[in-house]
Amino acid sequence: MQQSGNAKGVDGLQQCGNAVQSASMNHHKERIDEIIEMTGAIPLFDRIDNTQVAMIAEEMKVVRLAAGKRLFSEGDESGYMCFVVSGKLEAFKQTRSGKSVSVLTLSRGRTIGEMSLLDHFPRSATVVTCSECTLLVMTRERFEYILERRPRVGTALMLAISRSLSLNMRRTMGQLADLQDSARAVTAATVIKAEQPRAKQPGFIDQIMNRKQSGLPPFIRQFG
């Protein structure tokens with residue numbers, strides 16, 4: 001998939017977020033209920049108490065992006081994570097040669113950018129929407145607010161994020177093992193093919209002897 005969109009995804013994210021925020025001023029309860037319902041699509045919230053989910057929902061916002069939009073780019077400053085409620089996104093990683101390679105596809109229920117809540121390192125990949133997407137967004141600022149003001153809720157969310165990171169790590173390790181196994185198989189096949197004995201080509205004397213044994217005229221007479 002070709003990455004498209006001139007503006008960085010964070011700009012589009014802010015625009016959508018501002019629209020949701022302004023629309024929710026007169027419909028706060030409705031917005032919270034909507035977000036709580038959306039968390040049902042995210043396995044990360046399955047082990048969090050419903051009351052705590054409601055408190056977390058108060059600190060999140062809904063973002064909707066069209067297909068082909070860049071959520072963020074590799075090297076961007078990080079400051080929020082996303083929960084995929086619907087749609088599909090693709091993550092790209094730049095190689096040393098400068099080529100952009102697809103490394104991951106994210107769909108309903110997956111999370112993006114968990115580490116941005118825990119550290120201040122730049123984004124490690126570029127994420128682009130493959131279709132229309134609905135996301136729930138938690139910023140580092142609101143996450144730290146929960147930890148400070150509602151420590152029990154913050155701890156529950158932290159544990160849930162840790163489990164998600166662990167699961168993603170296990171999944172990645174499995175994929176790396178499969179890739180390494182495939183690479184070894186290809187290398188072994190190449191070595192075996194290179195070591196196969198080649199058919200011996202008859203030498204000059206052998207050609208002469210073969211002609212004599214077959215009853216053909218002597219080699220020298222052919223050019224006489």
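This section describes the strands, helices and aromatic pairs of a predicted model.

One consists of 4 strands in the order 1-8-3-6, and its pairing is antiparallel. The edges of this sheet are taken by strand 1 (61-65) and strand 6 (111-112); each has a single partner strand, so one side of each is left without a neighbour in the sheet. Strand 3, which covers residues 80-86, pairs with strand 6 in the antiparallel sense over 2 bridges. Within this sheet, the residue standing opposite Cys82 is Ile112 in strand 6. Helix 4 (residues 140-149) lies across strand 3 and strand 8 (133-139), and its direction makes an angle of about 55° with that of strand 8.

With strand 2 (residues 70-72) the pairing is antiparallel and runs over 2 bridges, and with strand 4 (residues 89-94) it is antiparallel over 4 bridges. Val128 in strand 7 is the bridge partner of Arg70, and Val128 is also the bridge partner of Glu90. Leu89 has Thr129 of strand 7 as its bridge partner. In a regular strand, side chains alternate between the two faces of the sheet. In strand 7 both faces are covered. Thr126 and Val128 are buried on one side, and Val127 and Thr129 are buried on the other.

Helix 3 spans residues 50-57, and its buried residues are Val53, Ile56 and Ala57. These residues cover an arc of only 100° around the axis, which places them on the same side of helix 3. At the start of helix 3, the backbone nitrogen of Thr51 is approached by a side-chain oxygen of Asp49 to within 2.8 Å.

A search of the whole structure for aromatic pairs finds 2. Phe45 and Phe83 form a tilted pair, with 5.1 Å centre to centre and 50° between the planes. Phe45 belongs to the loop between helix 2 (28-38) and helix 3, whereas Phe83 belongs to strand 3, so this pair ties together parts that are 38 residues apart in sequence. Residues under 20% relative accessible area are classed as buried. Phe45 therefore counts as buried at 5% relative accessibility, and Phe83 is buried with a relative accessible area of 1%. Phe72 and Tyr80 form an edge-to-face pair, with 6.4 Å centre to centre and 70° between the planes. Both Phe72 and Tyr80 are buried.

Definitions and conventions
Residues numbered from 1 in each chain as written. Predicted model: local features only at pLDDT ≥ 70, side-chain atom pairs only at ≥ 80, totals over all residues. Heavy atoms only, no water. Pairing = 2+ DSSP bridges. Contact = heavy atoms within 4.5 Å. Axes fitted to C-alpha atoms, helices over the stretch in contact; angles between N-to-C directions. Buried < 20%, exposed > 50% of the residue type's maximum accessible area, 1.4 Å probe, protein only. Arc of directions from axis to C-beta. Polar contact = N/O pair within 3.5 Å; in protein donor to acceptor, adjacent residues only side chain to side chain. Phe/Tyr/Trp six-rings, centres within 6.5 Å; stacked < 30°, edge-to-face > 60°.
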